[in-house]
Amino acid sequence: MTARAPLSTSFSASSTAQEVVRGVDLTGVRAVVTGASSGIGVETARALAAAGAQVTLAVRNTAAGDAVAASIESSTAGIRPRVARLDLADRAAVAAFVDAWRGPLHLLVNNAGVVTGGLERTREGWELQFATNHLGHLALAVGLHRALALGARERDGARIVSVSSTAHMRSGVDFDDLHFERRGYDPQIAYAQSKTANCLFAVEATRRWAGEGIVANAVNPGGVATGLQRNFTARQRQSLDQAEAAGVFTYKSVQQGAATTMVAAVAPQFAHSGGHYLDDSQEAYTVPNDADLAQHPHGVKEWALDPALAERLWTVSTALLGI
């Protein structure tokens, strides 16, 4: 059997989110962007609003969200996003956001993420990076499933974009110790596990929901200096510097970092095709689990796209969440 060629687009590592949406009309599209009070989330929301979408900024800090909404309004001829509170590490806050949602949803961008410098846990005892980056977004997507299905019927499809990272190359999901209860804690490995989980979510969400017109894809925004790095330890910063020196990534602007998200959100190639991992605005090529990151900085490891692992993670995660 001949391997399928990765899906490609006309965009590249240097493209910006605004370039991706140029000429795209998103009038009537309702979109939610998590973590849209800073960094890549802001530019994602700005590009969507500029194309006419009705955007909801799902943020922990609503004052910061209001400031972003005002900035977007001033740059998009009066299109002001809605702001709603969402703390992905708090199950009650996720449930409240879902309960307050009315009507269809056409695009869910699971953009928010945290990086910790040491071991932090939620009130349930879950490791914070896994709980926020994966479990919170899974609970949100499941809670908004009916809204997405309604949106898909309205506009011939709905999409979910799951923001992952090259970091997924460093670790698969350790099903025997998801929350670092027995192994020594390494915040970089914990982050990597959560980013692999973001990819596996896209695989399983597509398998479960593609029949309803909902597809999900994971994206790597690339190296972007944002508030995500504010809690880095000296060791984490050194590791980042070493990765840059090794050619694993080249820093992008925030606008360029949001471009791959926008490709997954609006490009026709991904309208009905999901379970992919995108890098530099293209579907990435798959590499073995023992592949070296420095030699394959634009690849995606097999463990991040494995259907069996994706189904297992969904089952384990929904059981934890009680959904």
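Me: Which residue just after α6 takes a positive phi?

Reply: That's D156, with a phi of about 55 degrees. Before we go on, keep in mind that this is a predicted model, where local features need pLDDT of at least 70, side-chain atom pairs count only at pLDDT 80 or more, and totals for chains, interfaces and linings use all residues. Residues are numbered from 1 along each chain as its sequence is written, and side-chain values use heavy atoms, with hydrogens and water left out.

Me: Where is D156 found, and is D156 buried or exposed?

Reply: First the idea: buried means under 20% relative accessible area, exposed means over 50%, and partly exposed is in between (1.4 Å probe, protein chains only). D156 is in the loop between α6 and β5, and its relative accessible area of 58% makes it exposed.

Me: What about S281: buried or exposed?

Reply: S281 is buried, at 0% relative accessible area. Although S281 isn't a glycine, its phi is positive too, about 70 degrees. You'll find S281 in the loop between β7 (277-279) and β8 (282-283).

Me: How many helices and strands does the protein chain have?

Reply: Helices (H or I, at least four residues) and strands (E, at least two) are DSSP runs, numbered from the N terminus. Here you get 11 helices and 10 strands.

Me: Which residues of helix α6 are buried?

Reply: In α6 (residues 145-155) they are H145, A147, L148, A149, G151 and A152. Their cover includes β4 (107-110), α5, β5 (158-163), α7 (187-209) and β6 (214-220); contact here means heavy atoms within 4.5 Å.

Me: At what angle do helices α5 and α11 cross?

Reply: Picture axes as lines fitted to C-alpha atoms, for helices over the stretch in contact, with angles from 0 to 180 degrees between N-to-C directions. The axes of α5 (residues 128-143) and α11 (residues 307-321) come within 10 Å and cross at roughly 85 degrees. That makes α5 roughly perpendicular to α11 (the range for that word is 65 to 115 degrees). Helix α5 brings F130, H134, L135, L138, A139 and V142 to the contact, while α11 brings L313, W314, S317, T318, L320 and L321.

Me: What does the radius of gyration say about the protein chain?

Reply: It's taken over C-alpha atoms, and the globule rule is 2.2 Å times the number of residues to the power 0.38. For 323 residues a compact globule would come out near 20 Å, and the chain's 18 Å agrees with that. Buried residues make up 57% of the 323.

Notes
Angles under 35 degrees count as roughly parallel, over 145 as roughly antiparallel, 65 to 115 as roughly perpendicular and the rest as oblique.
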